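Please open the structure in your viewer and keep the selection panel at hand. The stops below are meant to be followed in order.

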Amino acid sequence: MKFDLQNSQQMEMDINNDIERILYSSQEISERVKELASQITKDFDHKPSSFPVLVGVATGAFLFLADLVRKINLPITVDFVRVESYASGTVSNGKPIISSDLKCDVIGNHVILVEDIVDTGNTLSCLIAHLKTKGASSVSVCTFLDKPSRRKIDFELVGKGKYYCGFECPDEFVVGYGLDFAEMYRNLPFVGVLKPHIYK
C-alpha cells in the first residue's frame with residue numbers, strides 16, 4: 001500500500017487545529033513521569049517480598065502506564081482493567097461498570113491503580129472497592145491528571161496506599177497523551193484543551 005505523505009501531513013494538521021492551546025508539552029510530561037516513577041521506586045524499594053502490581057485503567061492510561069513502567073526500577077507486574085463510565089460523551093454518567101477485570105491475582109499484593117485522569121472520583125472509588133474485595137494489601141493511585149474541582153466522591157486508599165499525581169488540571173476538556181474525545185486524539189504527544197465547538 002502506497003503511503004500518502006501529503007494526506008498524512010494534512011491529517012496531522014487537522015488534528016492539531018482542533019486544539020485551543022497546549023497545557024502540558026511532551027517534554028513536561030516526560031519529566032513529570034520520570035519524577036513519579038522515581039518516587040514509586042523509592043517508596044516500594046524496601047518491600048522486596050511484595051513488589052507492586054500496576055493496574056492500568058484502559059484505555060486512557062495506556063500511554064502513561066507504558067512510559068511510567070519503563071522508568072520504574074523495580075520488579076513489577078502489569079495488568080489492565082476496563083471501566084465504562086463515559087460511553088462516547090464528555091461527562092461521566094456516574095455509574096461506572098467494570099467491563100474487563102484483572103487477569104492476575106492480587107491477594108496480599110500492593111496495587112497501584114494507574115489512571116489517565118481523576119475527576120468526579122466515581123470510577124476510582126469503584127475500582128478501589130473492587131481491588132479491596134480481591135484481597136489487595138494496599139491500593140495506591142497514580143493518576144496522570146487530577147481535576148479536584150470536579151470531585152463528587154471522596155475515595156479512601158487501602159492500607160498504606162499513596163496518591164501520586166502528575167498534574168493538577170484545570171476544569172477544561174482536555175485530550176492527548178491517551179485522553180480522548182469519542183476515541184480520537186489519544187495519539188497526541190501533548191495534552192491540550194479541545195476547542196469547544198468540537199464537542200458541543
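This is a predicted model: local features need pLDDT of at least 70, side-chain atom pairs count only at pLDDT 80 or more; totals for chains, interfaces and linings use all residues.

Next, colour the buried residues of helix 2: Ile29, Val33, Leu36, Ala37, Ile40, Thr41, Asp43 and Phe44. Turn the view to look down the helix axis. The buried residues fall within an arc of 165°, so they line one face of helix 2.

What do the buried residues of helix 2 pack against? Display strand 1, helix 3 (62-69), strand 5 (110-118), strand 6, strand 7 and strand 9, for these are the elements against which they pack.

The structure holds 10 salt bridges, and a few of them are visited here. Stay in helix 2, which covers residues 26-44, and select arginine 32 and glutamate 35; these two lie three residues apart, about one turn of the helix. Arginine 32 and glutamate 35 form a salt bridge, with 2.9 Å between the closest N and O atoms. Arginine 32 is partly exposed, at 23% relative accessibility, and glutamate 35 is also partly exposed, at 47%.

Move along to aspartate 43. Its salt-bridge partner is lysine 162, and the closest N and O atoms of the pair are 3.4 Å apart. Where in the chain do aspartate 43 and lysine 162 lie? Aspartate 43 is in helix 2, whereas lysine 162 is in the loop between strand 6 (138-146) and strand 7 (163-168); the pair thus links distant parts of the chain, 119 residues apart. Is aspartate 43 buried or exposed? Aspartate 43 has a relative accessible area of 11%, and because buried means under 20%, it counts as buried. Lysine 162, by contrast, is partly exposed at 39% relative accessibility.

Salt bridges that share partners also join Glu20, Arg21 and Glu172 into one network. Select glutamate 20 and arginine 21 from this group: they form a salt bridge whose closest N and O atoms are 3.4 Å apart. Glutamate 20 is partly exposed, with a relative accessible area of 43%, and arginine 21 is partly exposed as well, at 36% relative accessibility.

Select valine 175 to find glycine 192 of strand 9 standing opposite.

**Backbone details in two loops**

Follow the chain into the loop between strand 8 and strand 9, where alanine 182 is located. Alanine 182 has a phi near 50°, a positive value in a residue other than glycine. Alanine 182 is partly exposed, at 40% relative accessibility. Glutamate 183 is found in the loop between strand 8 and strand 9 too, and has a positive phi of about 70° although it is not a glycine. Glutamate 183 is exposed, with a relative accessible area of 53%.

For the next stop, select alanine 58 and threonine 59. The peptide bond that joins them is cis, with omega about 5°. Threonine 59 lies in the loop between strand 2 (53-58) and helix 3.

**Cysteines**

Finally, display the cysteine side chains. A disulfide is a covalent bond between the sulfur atoms of two cysteines. How many disulfides are there? The count is zero, the rule being a pair of cysteine sulfur atoms within 2.5 Å. Select cysteine 169: the closest cysteine sulfur, in cysteine 165, is 9.5 Å from its own sulfur, which is too far for a bond. Cysteine 169 is buried, at 4% relative accessibility, whereas cysteine 104 is partly exposed, at 24%.

How values were computed:
Residues are numbered from 1 along each chain as its sequence is written. Side-chain values use heavy atoms; hydrogens and water are left out. Two strands pair if DSSP finds at least two bridges between them. Helices (H or I, at least four residues) and strands (E, at least two) are DSSP runs, numbered from the N terminus. A salt bridge is a side-chain nitrogen of Lys or Arg within 4 Å of a carboxyl oxygen of Asp or Glu. Buried means under 20% relative accessible area, exposed over 50%, partly exposed in between (1.4 Å probe, protein chains only). The arc is that of the directions from the helix axis to the C-beta atoms. Contact means heavy atoms within 4.5 Å.
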